Each structure stands twice: as C-alpha cells, then as structure tokens.
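Please keep the sequence and the 3D view at hand while reading.

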Amino acid sequence: MSQDKSQLDDAGAVDPNLPPDPSRRFWVASACAVGGVAGVGTAIPFVSSFAPSEKAKAAGAPVEANVSTIAPGTMRTVAWRGKPVWILRRTPEQIKDLSKNDPMLADPHSDRPGYTPAFAKNEYRSRKPELLVCVGICTHLGCSPTPHFDMGAQPGLPASWEGGFLCPCHGSTYDLAGRVFKNMPAPDNLEVPPYVFSADGTEVIIGVDETHKA
C-alpha cells in the first residue's frame with residue numbers, strides 16, 4: 001500500500017503533525033472487525049459446551065420433559081441412557097381400574113427387587129397417580145411393548161383387558177402401571193427409572209431422585 005505523499009515531510013518520513021492516512025484507518029478498522037467476528041465465532045461453541053451433550057445424555061445425564069401438555073389417556077416417549085422412557089397420563093377411569101388386575105398379576109405390589117424404586121412401590125407405581133414413568137423395554141428379551149389403551153378383547157389380548165401394553169415379540173402383557181401379568185415370558189414388571197418432578201409440577205427430570213443425584 002503506497003503512502004499519500006501529502007503525509008510526508010521533506011525527509012520522506014510521515015509527519016506526526018498531520019492526521020492519519022484515511023486509507024490506513026480503513027484497513028486497521030477492517031482488521032479489528034474481522035478479529036471481533038472471529039472472537040464471537042469461537043465464543044459460541046465455548047458457551048454451548050455448558051449444555052449436556054448427546055454423549056452425556058447417553059451416559060446417564062438427567063433428561064427433562066414437559067408433562068403439562070400430555071393429554072389424559074395419551075403417552076409421550078423420551079430417550080434416557082439410550083432407552084425409551086414412557087410418560088403416560090392416566091385418566092381417572094384408568095386409575096380406578098388398576099386394582100382390578102391385582103389377582104392376575106405376577107408381582108402386583110412390586111415386591112421383586114431391581115425394577116421398582118421405593119417411591120413407586122404403590123398401586124400406581126409412580127409419584128403421582130395420574131402419571132406413570134417407566135422404561136418401555138420388556139423384561140423378557142428387551143423388545144419394546146406397544147400400547148393398547150382400549151378396553152376389551154383385541155387380537156392377542158383377553159376379553160377382560162383393562163388397557164395396558166403388549167409385547168409383540170413373545171406376547172407378554174403389562175397393565176397401565178407397567179405390572180406384568182402371570183404366566184408370561186417376561187419375569188418382572190417394567191422398570192421405573194429414578195425421577196423427580198419440578199417444583200411447579202410441569203417438568204419431570206429423569207435420572208435423579210433421593211438416591212440418584214445429578
């Protein structure tokens with residue numbers, strides 16, 4: 001870049017008493033702007049690194065899900081530790097009919113160890129009667145059961161069916177609390193993961209409870 005001759009003194013040096021060359025100011029300002037953009041570009045990934053990564057979630061980082069928008073009688077599925085977790089909002093009728101299944105269940109009170117934490121050892125297998133949170137993997141060979149919420153006889157289901165889940169692989173059936181019926185290939189009830197609700201009850205945080213901290 002050539003220097004404006006009007007900026008030079010008799011000896012050929014830049015006269016300090018004259019204002020800076022406008023073209024020089026332009027290039028200095030441009031360099032600063034480019035440097036600023038680069039700085040912002042490197043800051044964005046750094047800030048986003050504070051959010052849990054997919055790898056961290058797969059390793060067991062807590063997962064949050066909004067439950068306030070789940071309509072009664074419907075279910076939402078979220079992923080935790082690479083497994084599907086069902087969040088079912090049961091209707092008052094579905095809650096009322098849960099006890100009807102007790103005589104037909106293999107473990108109606110969830111007494112067998114390993115699949116039900118202490119907070120869910122109740123008729124609903126949950127912290128709140130209307131919300132079931134459980135891992136959607138059959139305890140037989142790891143298939144994912146399908147929901148059958150309608151009552152009554154259906155293919156592969158008895159006439160006394162009160163709603164629940166049917167495993168398509170080997171026919172194991174579970175009620176709307178995730179409890180397995182007697183004489184089925186699956187040996188245990190569906191797993192209930194550790195979880196808590198937010199203070200306002202609109203979110204469920206899966207992966208933490210009184211004994212499992214984030």
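## Terms and basis

A nonpolar core is a set of buried Ala, Val, Leu, Ile, Met, Phe, Trp, Tyr and Cys residues joined through side-chain atoms within 4.5 Å, where buried means under 20% relative accessible area, exposed over 50%, and partly exposed in between, with a 1.4 Å probe and protein chains only. The model is predicted, with local features needing pLDDT of at least 70 and side-chain atom pairs counting only at pLDDT 80 or more, while totals for chains, interfaces and linings use all residues. Residues are numbered from 1 along each chain as its sequence is written, and side-chain values use heavy atoms, leaving out hydrogens and water.

## The nonpolar cores

The largest nonpolar core has 18 residues, and those with the most contacts inside it include V85, V133 and I206. Two or more residues come from each of several strands, among them strand 1 (63-66), strand 4 (131-135) and strand 9 (203-206); strands are DSSP runs of E with at least two residues, numbered from the N terminus. Strand 4 gives the most to this core, with 3 residues.

Not counting residues up to four places away in sequence, I206 touches V85, V133 and Y195, among others, contact meaning heavy atoms within 4.5 Å. A second, separate core of 16 residues includes C167 and L190.

Three strands form an open sheet in the order 1-9-8, with antiparallel pairing; two strands pair if DSSP finds at least two bridges between them. Because strand 1 and strand 8 stand at the edges with a single partner strand each, one side of each is left without a neighbour in the sheet. Strand 1 and strand 9 pair over 4 bridges in the antiparallel sense, and A65 stands opposite V204 in strand 9.
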